[in-house]
Amino acid sequence: MIEAKQRLRFGAKAGLRVLAAACAAAAAFAAHGADADAKKMDLGRQVFTKIAEPQCGVCHTLKDAGTTGEIGAKLEEIQPDANRVMAAVREGVGVMPSYVGKLTDAQIQAVAYYVSRVVQGKK
């Protein structure tokens, strides 16, 4: 009986150590994910305001970027999701040119992520 109690106690302690390690790993993964999201947001903002040529803000209004372009859509009004932004950036829309070959795929994904998040109020 005593030996069984000792095994249970040992098993419970080992289980708690495994649980603590899993929680620590999950916290590290979440922190890494948050850091990756912040980097993607920063790159997206840079693409929108500085990297893309012509710069997105020349035509588009986006409050977070401080732009007041009048030729293209006011992005807060149409609230595009990331897929819609990526399609527009890749294919062009109306007078908006395609940015394929001008921006990398990572830059296109980042600007789409940035625009879709800020128009939905999720920074």
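Residues are numbered from 1 along each chain as its sequence is written, and side-chain values use heavy atoms, with hydrogens and water left out. Because this is a predicted model, local features need pLDDT of at least 70 and side-chain atom pairs count only at pLDDT 80 or more, whereas totals for chains, interfaces and linings use all residues.

**View 1. Helix α4 covers residues 105–119.** Helices (H or I, at least four residues) and strands (E, at least two) are DSSP runs, numbered from the N terminus. The expected span of a helix is 1.5 Å times one less than its number of residues. For the 15 residues of α4 this gives 21 Å, and the end C-alpha atoms are 21 Å apart, which agrees. Eleven of the 15 residues are buried (under 20% relative accessible area with a 1.4 Å probe, protein chains only; exposed is over 50%, and partly exposed lies in between). Among the buried residues are Ile-108, Val-111, Tyr-114 and Val-118. After α4 comes Gly-121, with a positive phi near 75 degrees.

**View 2. Ser-116 is a residue of helix α4.** Ser-116 is buried, its relative accessible area being 6%. Its side chain reaches the backbone oxygen of Tyr-113 at 3.0 Å. Apart from neighbours within four places in sequence, Ser-116 is in contact (heavy atoms within 4.5 Å) with Pro-80, Asp-81 and Ala-82.

**View 3. The largest pocket has a volume of about 470 Å³.** On a 1 Å grid over the protein atoms alone, a pocket is an open set of points where a 1.4 Å probe fits, with protein on both sides within 12 Å along at least five of seven lines; lining residues have an atom within 4 Å of a point. The volume is the space filled by probe spheres set on the points. Of the 24 lining residues, His-60, Ala-73, Ala-88, Val-93 and Met-96 are the closest to the centre of the pocket. Helices α2 (75–78), α3 (82–91) and α4 each give two or more residues to the lining, and α3 gives the most, with four.

**View 4. Gly-69 lies in the loop between β2 (67–68) and α2.** Gly-69 is buried, with a relative accessible area of 5%. Gly-69 and Cys-56 are 13 residues apart in sequence, and their C-alpha atoms are 8.3 Å apart in space. Not counting residues up to four places away in sequence, Gly-69 touches Gly-57, Val-58, Cys-59, His-60 and Thr-61.

Key: A polar contact is a pair of N or O atoms within 3.5 Å; within protein, one must be able to donate a hydrogen and the other to accept it, and residues adjacent in sequence count only if both atoms are side-chain atoms.
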